[in-house]
Amino acid sequence: MARRSASNPRYRRDAELGKTRKSAARAKPMREKGTVEVTRTAAKKKADAKPEVKGWRKFFQPLPTPNTPEFRRWRKIWAGLMITGTVFFLGALWQFRTEIGNWMLALTYTCLFTAIYIDWTKLRPMRKAMMAGGKGSSKGAPAAKAKEDKGDSAGDSSAKKG
């Protein structure tokens with residue numbers, strides 16, 4: 001805001017009406033150094049807080065993955081199907097509007113939909129079990145191994161009988 005009149009006592013430096021303020025920041029009352037103490041709990045909370053991921057970046061955060069042999073086996077199968085489907089798709093583009101191209105496109109769909117099925121029925125339940133067991137830690141891995149051991153012991157006993 002512009003000055004209206006230099007003779008106004010509000011704007012004179014020698015007037016005892018208060019302080020002439022040039023900005024809003026200077027208008028705030030100044031404290032002496034060392035008068036404010038920061039509590040340790042507030043400092044700890046601020047240090048321990050994780051920065052929250054906002055917007056589109058939260059969708060691209062890596063998913064926690066269990067480190068079990070079963071999960072790794074299904075993940076390799078899933079990746080193989082995705083790569084094979086991509087190769088068949090490129091072949092279908094190369095053989096566009098031919099019978100071979102149509103068969104390659106059918107194989108592409110078969111590979112990709114099988115990979116999606118494996119992700120929904122095998123990988124996601126294992127990932128959810130791990131997250132529920134340890135909130136992102138590897139506590140879910142021993143639980144998965146215990147389930148495998150129970151399944152293997154039943155399979156071994158039936159194999160020994162037969």
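The model is predicted, so local features need pLDDT of at least 70 and side-chain atom pairs pLDDT 80 or more, while totals for chains, interfaces and linings use all residues. Residues are numbered from 1 along each chain as its sequence is written, and side-chain values use heavy atoms, without hydrogens and water.

**Stop 1: helix 3.** Select 69-94. Helices here are DSSP runs (H or I, at least four residues), numbered from the N terminus.

**Stop 2: the core.** Select F71, W74, L81, C111, A115, I118, L123 and M126, the largest nonpolar core. Such a core joins buried Ala, Val, Leu, Ile, Met, Phe, Trp, Tyr and Cys residues through side-chain atoms within 4.5 Å. Helix 3 and helix 4 (99-134) each give two or more residues. Helix 4 supplies the largest share, five.

Zoom in on A115. Beyond its neighbours within four places in sequence, A115 is in contact with W78, L81 and M82 (heavy atoms within 4.5 Å).

**Stop 3: the salt bridge.** Select D119 and R124; their closest N and O atoms are 3.5 Å apart. The structure holds one salt bridge (a Lys or Arg side-chain nitrogen within 4 Å of an Asp or Glu carboxyl oxygen). D119 counts as buried because its relative accessibility is 16%. R124, at 37%, counts as partly exposed.

Key
Buried means under 20% relative accessible area, exposed over 50%, partly exposed in between (1.4 Å probe, protein chains only).
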